[in-house]
Amino acid sequence: MGKTSMAVEVETDRAAALVDAEQMAVANQTQVALASVVSKKSGWSLDKIIRENVINESFNSAILRNYYQKPPAAFAHDKMWFSVVVDEAKLKQLMIEQRIPVWPDNRGQVFVWVVEELEDGQLVNAAPESAAFYWLSSWFKNKGVPAQFYDFQGEDLLAFQPSDVRYLNPDLIDFIQQSRDVNAVLLVFVKHQRSGFSYRYGFTKADQQTTIKNLKFIGLASGMETLTSEIQSALSQDQQVFADEFSKSTVAVKINDLMNPDQLLKLLSYFENHALIDAYHVNQYKNGQLSVMMNINVLPDTFVRFVNDEQVLEHLPLDLGHSIIFSMTE
């Protein structure tokens with residue numbers, strides 16, 4: 001897994017289902033919207049949750065409220081977003097009881113650059129007001145994937161052009177990885193045809209090979225959902241906490257090799273925002289070493305695995321008086 005030092009806090013107490021309000025009963029809308037929240041909070045795909053019927057009636061007790069929103073009429077005149085807001089603590093407990101994993105709320109960002117080939121063959125950057133941009137950004141938000149879209153009007157990626165996105169230029173991927181503090185890079189090429197659409201995308205997580213996929217589809221809403229679901233799955237992989245890993249415990253943590261005050265501030269901010277740390281107390285800071293007591297909500301081994309993956313700290317497997325020992329990576 002790549003660096004998540006710029007992790008983003010995701011709201012996982014709400015999500016929406018795209019429904020045909022006239023064709024679908026409210027009870028069914030509620031079930032799909034609940035499945036969308038569980039998908040967002042677990043990293044499991046919406047299809048898997050509905051197919052395997054993992055949500056029982058007790059999940060309805062977690063709902064606090066619901067509401068409808070209309071997509072732009074030009075993009076979907078017959079569809080509505082049906083959102084539910086849930087009691088997050090109650091939902092998490094229900095998920096653990098059903099052995100559904102939890103994907104912690106602090107998640108690494110994906111840098112996204114989308115280009116479209118219009119029916120007349122013109123190759124353009126997808127503008128924020130375009131249908132492809134709307135569906136892609138809406139589904140990412142709905143699936144709990146923090147996406148940072150390339151602002152082609154406000155930024156300049158040097159010599160790179162929409163054609164570099166179309167052909168998934170490896171030099172462009174390398175440049176973005178080196179110049180942006182993001183977890184992954186996604187280049188998307190959408191082609192408009194008389195009979196529908198197709199896409200080709202390249203998805204690259206830090207230190208991994210690029211995954212390339214193609215799909216032909218009729219509607220942009222469903223096509224973009226397929227794409228975002230695949231990215232959600234790739235990002236949440238190795239980031240989920242499973243039911244038997246949840247366990248409240250207090251651990252002593254030592255961090256070596258702190259070189260300057262900036263590193264110390266960065267570290268304290270990292271602890272403050274970490275999804276697996278409930279509370280911490282600094283005992284001592286001396287000669288570049290920080291001693292901290294922590295209340296964590298998972299097993300110590302799970303905590304070490306997550307911290308190692310996030311690459312802010314490196315675990316040193318030394319058992320000195322039952323402390324977990326890390327060193328700064330930078």
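Here is a short chat about a helix, a strand residue and a loop residue in this predicted model.

Tutor: Residues are numbered from 1 along each chain as its sequence is written, and side-chain values use heavy atoms, leaving out hydrogens and water. As the model is predicted, local features need pLDDT of at least 70 and side-chain atom pairs count only at pLDDT 80 or more, while totals for chains, interfaces and linings use all residues.

Student: Which residues of helix α6 are buried?

Tutor: Helices here are DSSP runs of H or I with at least four residues, and strands are runs of E with at least two, numbered from the N terminus. Buried means under 20% relative accessible area, exposed over 50%, and partly exposed in between (1.4 Å probe, protein chains only). In α6, residues 170–179, the buried ones are L172, I173 and I176.

Student: Why are they on the same side of α6?

Tutor: Take the directions from the helix axis to the C-beta atoms; the arc is the arc of those. L172, I173 and I176 sit on the same side because they cover an arc of only 100°.

Student: Which residues are exposed on the other side of α6?

Tutor: Look across the helix from the buried residues, which pack against β6, α5, β9 and β10. There you find P170, D171 and Q178.

Student: Is S327 buried or exposed?

Tutor: S327 belongs to strand β16, residues 323–328. Its relative accessible area is 6%, so S327 is buried.

Student: What is the phi of D207 near?

Tutor: D207 lies in the loop between β10 and β11. Its phi is positive, though the residue is not glycine, and is near 65°.

Conventions:
Contact means heavy atoms within 4.5 Å.
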